[in-house]
Amino acid sequence: MLNGSVRCGMYLMLLDMATSKKVITREEWEKKLNDVKIRKEDMNRLVMNFLVTVGYVEAAEKFRKESGTDPDIDLATITDRMAVKKAVHAGNVEDAIEKVNDLNPEILDTNPQLFFHLQQQRLIELIRNGKVEEALEFAQEEPAPRGEENQSFLEELEKIVALLAFEDVSNCSIGELLDVSQRLKTASEVNAAILTSQSHEKDPKLPSLLKMLIWAQNQLGGKAVILA
């Protein structure tokens, strides 16, 4: 009669052959996990990176005091950056442009696409508010000359001006330009540009690492079986 350890070994071998996957016991897997050492300091830096990038200034300040983790930028600049995003979210594009220039004039000077998109958003806000004549005048003075220098800019501008041809934009294919999501898209682009100008990542590291973890788990699931 086979003892328990032999029966378990044979069962693992048969399961391995049947599934064509590597079979690992729960004890072996937990040991492998325990052998992986992650420093608390590294985790703290990931959390701080997330708070700074997303713009949670109060949480970042509190976390700095509690964990002793210093951010890699001045936390005061987060407040300024969030003020820019808030202005775009509210449709106050002129105010947002002024705030960006106060932070760093080179951001818009060296990024013509971002400046065009801000001017484009300003035109959208004029159309949203029913200021047709002002919108046409602004389009001719600001975005149009830039569109002549860049074909993609011109195509974007033509779509926006086409909004004026509809009495009810709710059912037209380009009506989404007047949706709040367009403001969020523009605000996100500005936020990324400000972070880049501060030599900071434009996207937080933590979500990317979580995506990598999920990918690794899926890969593992296709190649191994953990025996409970």
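Buried means under 20% relative accessible area, exposed over 50%, and partly exposed in between, using a 1.4 Å probe and protein chains only. This is a predicted model, where local features need pLDDT of at least 70, side-chain atom pairs count only at pLDDT 80 or more, and totals for chains, interfaces and linings use all residues. Residues are numbered from 1 along each chain as its sequence is written, and side-chain values use heavy atoms, without hydrogens and water.

Start with the whole chain. Of its 228 residues, 33% count as buried. The secondary structure comes to 13 helices and 2 strands. These are DSSP runs numbered from the N terminus: helices are H or I with at least four residues, strands are E with at least two. Take the contacts (heavy atoms within 4.5 Å). Among those with a separation of 6 or more, 60% join residues 24 or more positions apart.

Now turn to helix α8, residues 112-128. Of its 17 residues, 13 are buried, so α8 is largely enclosed by the rest of the structure. Its length also checks out. The expected span is 1.5 Å times one less than the number of residues. For α8 that gives 24 Å, and the end C-alpha atoms are 24 Å apart, which agrees. Just after α8, Gly130 takes a positive phi of about 75 degrees.

Finally, look at Val36. This residue lies in the loop between α2 (26-35) and α3 (40-54). Val36 counts as exposed because its relative accessibility is 52%.
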